[in-house]
Amino acid sequence: MTEATTGTKTGARTDAARMDAAPRLPVDRLLDDRGTRIIVCCGAGGVGKTTTAAALGVRAAERGRKVVVLTIDPARRLAQSMGIDSLDNTPRRVKGVDGADGGELHAMMLDMKRTFDEIVEGHADAERAEAILANPFYQSLSAGFAGTQEYMAMEKLGQLRAREDWDLIVVDTPPSRSALDFLDAPKRLGSFLDGKFIRVLMAPAKVGGRAGMKFLNVGMSLMTGTLSKLMGASLLKDVQTFVAAMDTMFGGFRTRADATFRLLQAPGTAFLVVAAPEPDALREAAYFVERLAAEKMPLAGLVLNRVHVSGADQLSAERALAAAENLEEGGIVDQESGNAGLRDSAAEADATDAGAGGGGTEADADAEANADADADADVDEITAGLLRLHAERMQVIAREQRTRDRFTSLHPEVAVAEVAALPGDVHDLAGLRAIGERLAAGVPAGA
């Protein structure tokens, strides 16, 4: 048995052991389980969360579930892949989904400001709602206050779950670690609303009338004077007006956020951490896994996207490179110059026969022999190039496997589904179905 053969068999055993080390993520079982009501896809940026969420939605709908996909990712590729011109804060029915089993698919994209406006309109009388919506501080807060997007994502998730129009909600979260900021949203919002700053601003409104003004002017003149210098008198007034108008709604914000947080911890929720087989992405994935465990959130498993595979993995990178070098040096694989010499002898014999037959000149025979030699050289060059490409692919596969093995050694309990890298982006339902099939298979073809 040669060293190369031994290496190949050892590699095959290593692949088998690697796949046995991590449990397989049963995607179809997860989608078919009617007890699963919410699937949250989280992970670093650029690892395919949006595509994964959309593919899960399509597959679940075509297996009989009534699904809505909520994306918070600002990249609007979800609409393109689902054949929808645009997504907004209202769920849109996706056409072209096979509903033979009674399934439906809707999709929407979180509009942070519109969701905030809906909360105000739904929990304040018309006059107060109009005053809040027109308030400059509210407009700034609803458009870009730190944590507002995450809180509104929780708010929208709670709204969708309460409607009972769908039996499965798939959530596509923002990129990077901010994807888990929504876990902190209730706490941060509560700290903001219960903070000293807010209580100071609410005090005059609570006291009311001249007594309130006297309280503000006498008791807090120093503080408000400082705030006026820092914020500007106009902004301070806008904030005070906003706080006074929102006073009765603050408790509702916290109550709903806490309820959604508990919903995320419930057995009907499943978190999927999405990653690519790259060191940075899997480090982020490890962070997500540990954070979810700390928050007692139900983790279903890891989706490993864009995994490179080869249908010719019996040929190692080392052997492919050796063969390429052999060809480039003018020899033939495993036989060095032996066959090259045979080719030269055959060419000379052809030239002699051509001359003896009188069918052509010696120059013609030489030209034909040279053409054959050039063709052989071209074939050798192309073959060597292909061998080098294969060697590079095998090196990438080995590097990805080592990276994945490091993750699974740290988190052997996490179930894994691998999705083979595709030659291009997914832009239609057919592509999403293909991704769904790969997700359900759990390992890429050729692995």
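Here are a few notes on one strand and some salt bridges in this predicted model.

1. Let's start with strand β6, residues 269-275. Seven of its seven residues are buried, so the strand is largely enclosed by the rest of the structure. In a regular strand the side chains alternate between the two faces of the sheet. Here both faces are covered. Thr269, Phe271, Val273 and Ala275 are buried on one side, and Ala270, Leu272 and Val274 are buried on the other.

2. Which strands does β6 pair with? One is β1 (residues 38-43), which runs parallel to β6 and is joined to it by six bridges. Within this pairing, isoleucine 39 stands opposite alanine 270 of β6. Another is β7 (residues 299-307), also in the parallel sense, through five bridges. There, valine 273 has leucine 302 of β7 as its bridge partner. To get from β6 to β7 the chain passes through helix α15 (residues 279-294), and this β-α-β crossover is right-handed.

3. On to the charged side chains: the whole structure contains 18 salt bridges. One of them pairs glutamate 164 with arginine 37, with 3.4 Å between the closest N and O atoms. This pair ties together distant parts of the chain, 127 residues apart. Glutamate 164 sits in the loop between α8 (148-163) and β5 (168-172), while arginine 37 lies in the loop between α2 (27-32) and β1. Is arginine 37 buried or exposed? Its relative accessible area is 19%, and the cut-off for buried is under 20%, so arginine 37 counts as buried.

4. Aspartate 117 and lysine 113 form a salt bridge whose closest N and O atoms are 3.3 Å apart. Because the two residues are four apart in this helix, about one helical turn separates them.

Key. Residues numbered from 1 in each chain as written. Predicted model: local features only at pLDDT ≥ 70, side-chain atom pairs only at ≥ 80, totals over all residues. Heavy atoms only, no water. Buried < 20%, exposed > 50% of the residue type's maximum accessible area, 1.4 Å probe, protein only. Pairing = 2+ DSSP bridges. Right-handed = clockwise from strand over helix to strand, strands pointing away. Salt bridge = Lys/Arg side-chain N within 4 Å of Asp/Glu carboxyl O.
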